[in-house]
Amino acid sequence: MSTTEEAEALKMLFLDQHAFLIPKIMFTASDLGVFDLLMESKEPLTSVTIAERLGTSPFGMERLLDACVGYKYLRVETKDNQTLYGNTDLANLYLGKRSPKTQYYSLKFNAEFAYTRAQHLADAVREGKAQTYRLSDSSTNNFYEAMYRTESGLREFMEFMREMWSLCGRIVLNAFDLSHFPLVCDVGGSSGTLAKEYISLYPNSTVIILDLPEVVEIGKKHFVSSEEHRITFHEGDFFKDPIPEADLYILARILHCFRDEKCVQLLTRLHKACKPGGGVLVVERVLTEDRTGPLEAQIYSLVMLLITQGKERTPSEYNAFFNAAGFKEIQQKKTGHFDAILGRK
């Protein structure tokens, strides 16, 4: 290794060692209102002004703002011997609570729920199981029980899902022509955001959201208007209760939460309920066959180890699930951040 190469390696090593702070930096700035304040001000502000308006210490705020500059969330300029901070386009679009495509609840989930469990990564690797039970705020190791134990926690998780599918939903649904599937069941459809995208793309379709009773209650109350007659809710546990008949079943970020045998069990139940000629659409972040990437899928897989019993998988692993459940004509397409896999009955 040359001197230059070693210097670059050491720089990367330093940055990687401190990367654990990134979600905390993003969420702290968002939660304190930094990005919203700078959006509303329409002009850059000093750290002292930002601290005063947000009720923080100037000393602490300056450190936070400088870190946000380093990670390109904020821009900085000097004018009249004053250092002024402003949002980058990234912050304006995604990082404020009132940003048009806000990812506030995604930031919150990663900075709080996933971050605390990451403290026990070594334990998760040793034991091969989720670490929720180690935390004093939870007596369960079941991801859904931990998230859904309070109405506020459940709603925040549903907001997280809404944010994700508001960004990526239309893209994944456009991967295939789904116009010949007029009756759809979104399995674990949560906030109904993907259902809304589907009926927008296919106006003659109807979507049933199958989810747990507590999710359905919040969904009806806060996410899907009662006037939207093309979207209905069906209460049930998709591993135990009857599956509504449909032309197409959507499993969006569901299978990665479960072990292999549970994935085959669920797909088999869907195949049995599916109308002849129907299908199942799986949306996941898929690993390459040689497992060398993408990095996002490798990171997601570790997160799944920490909080669920699942993992991210390769195309051949998903194909094996589809075949075991009875689905044929399997197609896979990359759609940007996620992959779409369609199987037919």
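In which hand, left-handed or right-handed, does H10 cross H12? The structure is a predicted model, in which local features need pLDDT of at least 70 and side-chain atom pairs count only at pLDDT 80 or more, whereas totals for chains, interfaces and linings use all residues. Residues are numbered from 1 along each chain as its sequence is written, and side-chain values use heavy atoms, with hydrogens and water left out.

H10 passes H12 in a right-handed crossing (the near helix is turned clockwise from the far one by less than a right angle). The axes of helix H10 (residues 151–173) and helix H12 (residues 213–223), being lines fitted to C-alpha atoms over the stretch in contact, come within 10 Å and cross at roughly 65°. H10 is therefore roughly perpendicular to H12 (65 to 115 degrees). Helices are DSSP runs of H or I with at least four residues, and strands are runs of E with at least two. Contact (heavy atoms within 4.5 Å) involves Glu 151, Leu 154, Arg 155, Met 158, Glu 159 and Arg 162 in H10, which meet residues of H12 including Val 215, Ile 218 and Phe 223.

Helix H3 (residues 34–41) is mostly covered, with six of its eight residues buried (under 20% relative accessible area, 1.4 Å probe, protein chains only). Among the buried residues of H3 are Phe 35, Leu 37 and Leu 38. Lys 42, which follows H3, has a positive phi, near 60°.

Gly 236 lies in the loop between strand E5 (231–235) and strand E6 (246–252). This glycine is buried, with a relative accessible area of 5%. The C-alpha atoms of Gly 236 and Ile 209 are separated by 9.9 Å, at 27 residues apart along the chain.

Technical notes. Buried < 20%, exposed > 50% of the residue type's maximum accessible area, 1.4 Å probe, protein only. Axes fitted to C-alpha atoms, helices over the stretch in contact; angles between N-to-C directions. Parallel < 35°, antiparallel > 145°, perpendicular 65-115°, else oblique.
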